[in-house]
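The sequence and structure are shown first.

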Amino acid sequence: MQYDSLINKTLLDMKPSGIRRFFDLAHEMEDVISLSVGEPDYSTPWHIREVGIRTLERGKTWYSPNAGFAELRAAIARYMRRRFDVSYNEKDEVLVTVGGSEAIDLCMRALINPGDEVLVPSPSFVCYAPLASMAGGVPVVLETKAEDRFRLTPEALKAAITPKTKLLVLPFPNNPTGAVMQREHYEAIAEVLRGTDIMVLSDEIYAELTYLESGPISFASIDGMKERTLLVSGFSKTYAMTGWRLGYVCGPSPVMKQVLKLHQYGIMCAPTTAQYAAIEALDNGDEDIVQMRGDYDQRRRLIVNELNSMGLTCFDPQGAFYVFPSIQSTGMTSEEFCTSLLQEKHVAVVPGTAFGDCGEGFVRISYCYSIKHIIEAMRRTREFLVERGFLTEDAV
């Protein structure tokens, strides 16, 4: 059979994730230190796991309501009020999803009609543009720059808006750059959006991993923005619950009613064991966040200092758990650098181009790994640069 003629054309033209490719290559080699995937090296805190175990032991394995257990939706609403000063009605403005990824997909498909333009800051996580395309939309890249600390500027946003613009993706704190938007930056973006009918998909999965003294901020908390914002978040990064596959989306009731329809037909409900555990995380997990964020901050400062000392210029990221150093001083492309470093020194990092064409000249390195692994990975990277002639011997 001619399968290519049967498969969705948009899907056929879509490139596989560049993150997973290097992750898979690393798994085929021995003695590899992989700093390629955003997978916290912590186990889910015990008190959260214990709740999940207890629910299994008691046979609480039935379906939940489509939108998620009422107790969990109420806990999410309490958390959003307490941490971000944003109020949601848990009855019709909160939906529990299978990870943040499903939430993003649902939002895209609920809003986009064929030909609608979706503004996507770049570099950014790999899923936004493909999901927009699969929904029939037209992704429009908004290039962010190192000199702007990889923040979206109001000037770039204003220049990109057309009569076809339907949705703006705000992926901050940002994967892969670690960039954050502070209140004044969000205010400037909000000013551009006022008077338009443009919706915002605010991906705040890394919001609690913000290292500024001012703490995390939600775009929905900006005056007049809640009514146009679909806020996506989850439990994977904040509580080290990646394998539990649980996220959520909050937004205006008329839109959420349609988002729920998609979820009903495609998924039905999120895993119930994970939902019970998530209630415990939200209600009693603040100390876990503080501890993990402190550890990540220590690793962040270590890896930024190491990279800059090697001549791999790296701005100081203020969120998430990634650094995005420039490798332009080597004269290598991002792909060449990552491939050579993996083959010669068994260190896996991700080419910046996996997150958009404007990521050329950069690589993404995750620091959600142990200090021991980070130090060894930096030692090997320094050796690689010396052996390639980019550093002198006394720099090892």
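## Strand 6 and its burial

Strand 6, residues 199–203, is mostly covered, with five of its five residues buried. Here buried means under 20% relative accessible area, exposed means over 50%, and partly exposed lies in between, using a 1.4 Å probe and protein chains only. Met199, Leu201 and Asp203 on one side of strand 6, and Val200 and Ser202 on the other, are all buried, which leaves both faces covered.

The model is predicted: local features need pLDDT of at least 70, side-chain atom pairs count only at pLDDT 80 or more, and totals for chains, interfaces and linings use all residues. Residues are numbered from 1 along each chain as its sequence is written, and side-chain values use heavy atoms, with hydrogens and water left out. Helices (H or I, at least four residues) and strands (E, at least two) are DSSP runs, numbered from the N terminus.

## Partners of strand 6

Strand 5 (residues 165–170) pairs with strand 6 in the parallel sense over four bridges; two strands pair if DSSP finds at least two bridges between them. Within this pairing, Val169 stands opposite Leu201 of strand 6. Strand 5, helix 8 (residues 183–193) and strand 6 together make a right-handed β-α-β unit. Right-handed denotes a path from the first strand over the helix to the second that runs clockwise when the strands point away from the viewer.

Strand 6 also pairs with strand 7 (residues 229–234), again parallel and over four bridges. Val200 has Thr229 of strand 7 as its bridge partner.

Seven strands form an open sheet of mixed pairing, in the order 2-8-7-6-5-3-4. Strand 2 (94–97) and strand 4 (138–143) stand at the edges with a single partner strand each, so one side of each has no neighbour in the sheet. From one strand to the next, the twist averages 20°.

Strand 7 and strand 8 (residues 247–250) run antiparallel and are joined by four bridges; Gly234 has Gly247 in strand 8 as its bridge partner. Helix 9 (residues 253–266) lies across strands 2, 6, 7 and 8, at about 25° to strand 2. Axes are lines fitted to C-alpha atoms, for helices over the stretch in contact, and angles run from 0 to 180 degrees between N-to-C directions.

## Ser124

Ser124 is found in the loop between strand 3 (117–122) and helix 6 (128–134). Ser124 counts as buried because its relative accessibility is 3%. Beyond its neighbours within four places in sequence, Ser124 is in contact (heavy atoms within 4.5 Å) with Pro171, Asn174, Asn175, Pro176 and Phe355.
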